[in-house]
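Please read them with the structure open beside you.

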Amino acid sequence: MGLLHCIADELEENAFSLTQTSRNVRDRCVRKGLPVARSHVNWLLVGIARGGYRFGEHSPESVKEMAKSAIRNAYDLLSLADWKLNRNEEYLLMSWLYPKCAAGDMWADEDAEDRDAACAERAEYYDG
């Protein structure tokens, strides 16, 4: 259980409020032996939202969808910095944010439309 799971657990119990959610998630992480600063939780929550995830619209909250949104936000930030990842760096980023990605589970068959859109974005990222 990592940071995204702590976020999902918190949002299952309480409505989203950046201030309160970041505080509660930080506390959850610390109790689980995952020391994290509240500013880091804030940064991730804002990034997930900027990546298109809407807190409170999923039941249960989806760790996988939050990870996808965080990855989309990371790509946006990299693009703004005119910095491109090589395929190994991309794999490391995705695996860090969503470890199941390492097993090829990031875009399951039921998410074919999302997967196709992500592949198109990746192609544009590498070709652009």
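**Notes on the predicted model**

1. Of the 128 residues of the protein, 38% count as buried; please keep in mind throughout that this is a predicted model. The protein has six helices and zero strands, so that, read from the N terminus, its elements run α-α-α-α-α-α.

2. Among the contacts with a separation of 6 or more, 50% are between residues 24 or more positions apart.

3. A search of the whole structure finds five salt bridges, and Glu10, Glu13 and Arg28 are linked in a network of such bridges. Arg28 pairs with Glu10, with the closest N and O atoms 3.0 Å apart; this pair links distant parts of the chain, since Arg28 is in helix H2 (residues 18–31) and Glu10 is in helix H1 (residues 3–13), 18 residues apart. Arg28 also forms a salt bridge with Glu13, where the closest N and O atoms are 2.7 Å apart, and because Arg28 lies in helix H2 and Glu13 in helix H1, the pair ties together parts that are 15 residues apart in sequence.

4. Another of the salt bridges joins the side chains of Asp27 and Arg26, at 2.9 Å from N to O. Here Asp27 counts as partly exposed at 28% relative accessibility, and Arg26 likewise counts as partly exposed, at 25%.

5. Glu61, in the loop between helix H3 (38–50) and helix H4 (63–80), deserves a separate look. Glu61 is buried yet has no salt bridge, and the nearest side chain of opposite charge, that of Arg54, is 11 Å away. What the side chain of Glu61 does have is a polar contact of 2.4 Å with the side chain of Tyr53, and it also reaches the backbone nitrogen of Gly56 at 3.0 Å. Leaving aside neighbours within four places in sequence, the residues in contact with Glu61 include Ala8, Leu11, Glu12, Phe55 and Met66.

6. Finally, Trp43, Leu77 and Leu80 form a nonpolar patch on the surface, with about 380 Å² of accessible area together. Trp43 lies in helix H3, and it counts as exposed because its relative accessibility is 54%, the cut-off for exposed being over 50%.

Technical notes. Residues are numbered from 1 along each chain as its sequence is written. This is a predicted model: local features need pLDDT of at least 70, side-chain atom pairs count only at pLDDT 80 or more; totals for chains, interfaces and linings use all residues. Side-chain values use heavy atoms; hydrogens and water are left out. Helices (H or I, at least four residues) and strands (E, at least two) are DSSP runs, numbered from the N terminus. Buried means under 20% relative accessible area, exposed over 50%, partly exposed in between (1.4 Å probe, protein chains only). Lys and Arg count as positive and Asp and Glu as negative; His and the chain ends are not counted. A salt bridge is a side-chain nitrogen of Lys or Arg within 4 Å of a carboxyl oxygen of Asp or Glu. A polar contact is a pair of N or O atoms within 3.5 Å; within protein, one must be able to donate a hydrogen and the other to accept it, and residues adjacent in sequence count only if both atoms are side-chain atoms. Contact means heavy atoms within 4.5 Å. Patches are made of residues with over 30% relative accessible area and no salt bridge: like charges are joined within 9 Å, nonpolar side chains (Val, Leu, Ile, Met, Phe, Trp, Tyr) within 5 Å. Accessible areas come from the Shrake-Rupley method with a 1.4 Å probe; for residues, only the protein chains shown count as cover.
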